[in-house]
Amino acid sequence: MIRVENVTQHYSVRPVLSNISLMIPTGSRTAVIGPNGMGKTTFLSVLAGVLEPQRGHVEIDEIRRRSTVENELALRKKAVFLPDRCYLPKMRTGREFLLGVGRLYDIDELRLFEHAQRLFNLFNLTELADSPISNYSAGQQKKISLASALITEAEYLLLDEPFSGGLDPAGILALRKVLARLSEEKGTTIVFTAPVPELVAENADRLIVIRDGQIAVNNSIQELLAEAGTNGSVEQMLNEKIFPESEQNVSQYFAGGVA
Amino acid sequence: MKQFTLWMRQVMPPKWFSLLLAGCYFISIVVTQFVLYWFDLYDIQEETGLAHLPSFCLSLFAMLYGCYRCFAFHPIYQDDYREWLAQTPWSYTKPLPRGPLFLVAQDFLILGIISLLSYCHSSEHWHLTPALFFTAHSLMCLISFLLIRKFRSAYVLTFVFSSLLYFHAMPVLLLISVAIMSIISHLGLRESLLTFDKWSGEIPYFLQTNNQTAKEVARNNTLGWPYDLMGPVSSPAKPNREWTIAIALLTGWWSFSVIQQITDGPEFLWLMISIGLWVWHAPHFLIHML
């Protein structure tokens with residue numbers, strides 16, 4: 001379980017997260033959404049221990065982040081953070097990179113080789129497995145970075161915008177199914193950010209909405225649906241919660257004299 | 001063959017870079033042979049220095065490769081790599097995902113081939129090729145030690161560097177100096193990687209607050225213009241006696257090594273005068289620079 005206690009994070013005088021407290025249950029798939037610049041990535045970075053919040057703290061399985069070197073190293077093994085633009089050694093091949101990452105997480109060598117091959121098959125990268133990453137397209141680079149997170153076999157996956165970055169429909173489908181099965185069968189806790197509500201309904205069972213530095217919504221999708229009633233779709237309900245001013249902005253735009 | 005290529009790829013520079021250097025080498029051979037043939041200079045090729053042109057190209061390649069092996073694989077020189085690595089559970093006992101930082105068998109194979117080619121062109125000066133490789137590699141290590149503030153390793157390495165000047169005309173002693181230098185570089189690299197989490201300060205990386213916080217703390221501690229002028233002024237750090245003497249010895253030894261290259265005379269006297277001068281003037285500015 002991830003526990004966030006009174007976390008405050010601000011850049012200069014601009015507060016991004018203000019006194020946030022919440023819990024993310026083990027084995028859940030949690031989507032973090034919100035307007036641009038409202039702190040989705042900051043929130044994930046705080047969970048990942050990349051940022052130390054000005055106030056408050058984060059605990060994963062009751063171990064406090066950044067408390068001691070030993071604790072932090074143990075948590076880094078347990079919780080993997082994949083930023084939107086992940087570092088990739090362009091001169092190494094995809095296979096070398098995946099094996100290198102797997103070794104960082106002490107994965108058994110035989111299992112590592114076999115898992116790497118399965119990941120190449122999953123993302124249709126088999127032919128490029130032994131080519132330098134510099135030869136990969138943007139979408140293929142996104143796939144190899146996702147594969148690098150999956151090969152760690154970590155219990156917690158913190159993924160920043162995993163469905164963006166040029167991923168093709170086959171890649172999106174594969175990722176969606178893999179995340180769902182990891183969560184259901186292995187109890188992996190997945191927290192990911194998404195720019196649009198359309199990605200949430202099918203990929204998450206919990207939702208966190210961040211607005212103006214506060215948690216506007218933190219609930220399971222089922223409960224949110226029940227709250228919205230049977231008339232509206234999930235997207236409609238989310239749009240109302242996340243972007244309430246969008247409809248009004250569109251109306252104002254066309255009212256401003258568009259022929 | 002594929003296995004061998006993959007094995008070599010672990011340390012090889014980018015393809016364009018290797019091809020460029022190989023191209024320069026072959027052009028140097030063609031140009032040399034053409035000039036020797038056209039002007040009929042075969043009898044005096046040693047005097048003209050033309051015979052050494054391909055060997056010079058190989059030495060240049062060895063030097064650039066030495067720099068590359070440290071620069072491309074050391075996390076201190078690759079910001080993205082270092083930041084990513086700091087977010088993983090990497091520790092010294094695990095291999096570096098980008099590739100080996102320490103010299104490996106592939107390096108010695110490449111160096112062996114270059115040295116052999118160099119020997120074919122110039123049996124007198126072939127030893128300069130491996131010497132330049134190790135010197136360039138150690139120089140990049142030295143810079144990394146300074147960046148990580150591993151001053152002890154940097155100091156010892158700087159001391160040994162001067163011996164290259166001293167022994168440059170004596171192949172066996174030069175290669176022994178180079179071997180010692182490489183061992184020191186290796187130990188220094190090992191020490192640097194062991195303390196990876198403390199590269200950005202005395203507090204382990206994992207326990208530091210983020211930069212934003214640090215900046216804000218710094219800002220809160222200042223009084224603001226113009227009241228800063230009334231605040232306490234931090235005096236420049238006073239160098240301790242041990243470091244003053246160590247720097248004096250180093251600069252004295254370097255001065256001596258350089259002077260004895262350009263003048264003939266009582267070498268021991270030069271050494272004593274150099275060290276004496278540096279100790280007397282206590283080079284505080286050097287310590288401040290560090």
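Helices are DSSP runs of H or I that span at least four residues, numbered from the N terminus, and the legends below use that convention for a predicted model.

View 1. Of the 290 residues in chain B, 26% are buried. Among contacts of chain B with a sequence separation of 6 or more, 70% are made by residues 24 or more positions apart.

View 2. B:Leu175 is classed as partly exposed because 15 C-beta neighbours fall inside 10 Å, a count between the limit of 12 or fewer for exposed residues and that of 20 or more for buried ones.

**View 3. Contacts of B:Leu175 beyond its sequence neighbours.** When residues up to four places away in sequence are left out, B:Leu175 touches B:His127 and B:Ala131. B:His127 is 48 residues away from B:Leu175 along the chain, yet the C-alpha atoms of these two residues are separated by 7.5 Å.

**View 4. Where domain 1 and domain 2 of chain B meet.** The domain assignment of chain B places domain 1 at residues 2-198 and domain 2 at residues 209-289. In this view, 6 residues of domain 1 are in contact with 7 residues of domain 2. The side of domain 1 that touches domain 2 comprises 4 nonpolar and 2 polar residues, with no charged residues.

Terms used: Residues numbered from 1 in each chain as written. Chains lettered and ligands numbered in written order. Predicted model: local features only at pLDDT ≥ 70, side-chain atom pairs only at ≥ 80, totals over all residues. Contact = placed C-beta atoms within 7 Å. Domains from an automatic or database assignment. Nonpolar A, V, L, I, M, F, W, Y, C, P; charged D, E, K, R; others polar.
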